[in-house]
Amino acid sequence: MSSLNYHHLRYFREVAHTGHLTRAAEQLNLSQSALSSQIKQLEARLGHPLFNRIGRRLELTEVGRIALDHADRIFETGDDLLAVLNGQTEAMPPLRAGAQSTLSRNFQMRMLRPALAQDGLQVVLRSGLATDLLSDLRDLNLDIVLTTEPVVDATGDLVSRRVAEQAVALHGAPSRMDHPDLAALLRSQPLILPSDPALKSALAALADRLNVTPTILAEVDDMAMVRLLTREDAGVALAPAVVLADEIASGRIVTAPFDLGVRERFYAITKRRSFPHPVLADLLDAAASHLPDAATMA
């Protein structure tokens, strides 16, 4: 099937809005016969008449009205494209963000809250594996990816910005926290771990230093499940406090008073672009402003 000729559609739109073939031909700098021929070719392509002739005026048929609605949207989108590229519009395209599936939902909300609060801006959020999200970022299907690891990119196209950092601690129901020291807690309480290689490695080093063998109750690749298991008193979670911020604030969950010496960093990954999303710079600056030594790594 042959594709639609958009020159024909543009000519039809002009005739439809003027309601007069001669006037439209003058505005398009075409002869009346040439314009009439273009309209007939469009009608043949669509398989329906677009106009009824009423005296000297042309009135749209039902199909003509449908075609005009689509034509208006098509050419308005083209005008919007030119305005965006020329920086002449206040209209906001959707902000498309990707988040590593193990990332805290609370952190995602804190990171994206300024964008969510902006009038007229739609935020599209996807969750998945970091490798898949970074592939979409390279293909310009995403504007930003949130992860717990900076990206190693030989091309230099991707930029990693540290946007948050929190101490990792042990969190659980108050009844599980009554221990004289960290070693006693690790010996007696089952642990809920995120599937984060860095956190697992840190726990292994800590256990080796304290000469304990902790019991791993669950290893979960979703921070929401870490939060749920901890709320249900299944065990003690190893995680940044942001994961359980609401439960800690209410007193339902408490944080063990032991410094593990472990910190988790959060990164925003973006692609170098000539036309980045208009709110992206402000979003990154707002997040990084909370870091006294915020770093950018190309």
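Residues are numbered from 1 along each chain as its sequence is written, and side-chain values use heavy atoms, with hydrogens and water left out. Because the model is predicted, local features need pLDDT of at least 70 and side-chain atom pairs count only at pLDDT 80 or more, whereas totals for chains, interfaces and linings use all residues.

When residues up to four places away in sequence are not counted, Met 111 touches Ile 144, Leu 146, Val 163, Ala 268, Leu 283, Leu 284 and Ala 287, contact being defined as heavy atoms within 4.5 Å.

Thr 270 is placed in strand 11, residues 263-271 (helices, H or I of at least four residues, and strands, E of at least two, are DSSP runs numbered from the N terminus). Thr 270 counts as buried because its relative accessibility is 5%. Its side chain makes a polar contact of 2.9 Å with the side chain of Arg 161, a polar contact being a pair of N or O atoms within 3.5 Å in which, within protein, one must be able to donate a hydrogen and the other to accept it, and for which residues adjacent in sequence count only if both atoms are side-chain atoms. Beyond its neighbours within four places in sequence, Thr 270 is in contact with several residues, including Asp 143, Ile 144, Asp 157 and Leu 284.

In the loop between helix 2 (21-28) and helix 3 (32-46) lies Ser 31, which counts as partly exposed because its relative accessibility is 39%. The side chain of Ser 31 makes a polar contact with that of Ser 33, at 3.3 Å. Asn 29 lies in the loop between helix 2 and helix 3 and, at 72% relative accessibility, counts as exposed.

Most residues other than glycine have a negative phi. Asn 29, however, has a positive phi near 60°, and Asn 211 likewise has a positive phi near 60°. Asn 211 is found in the loop between helix 8 (197-210) and strand 8 (216-220), and is exposed, with a relative accessible area of 66%.

Key: Buried < 20%, exposed > 50% of the residue type's maximum accessible area, 1.4 Å probe, protein only.
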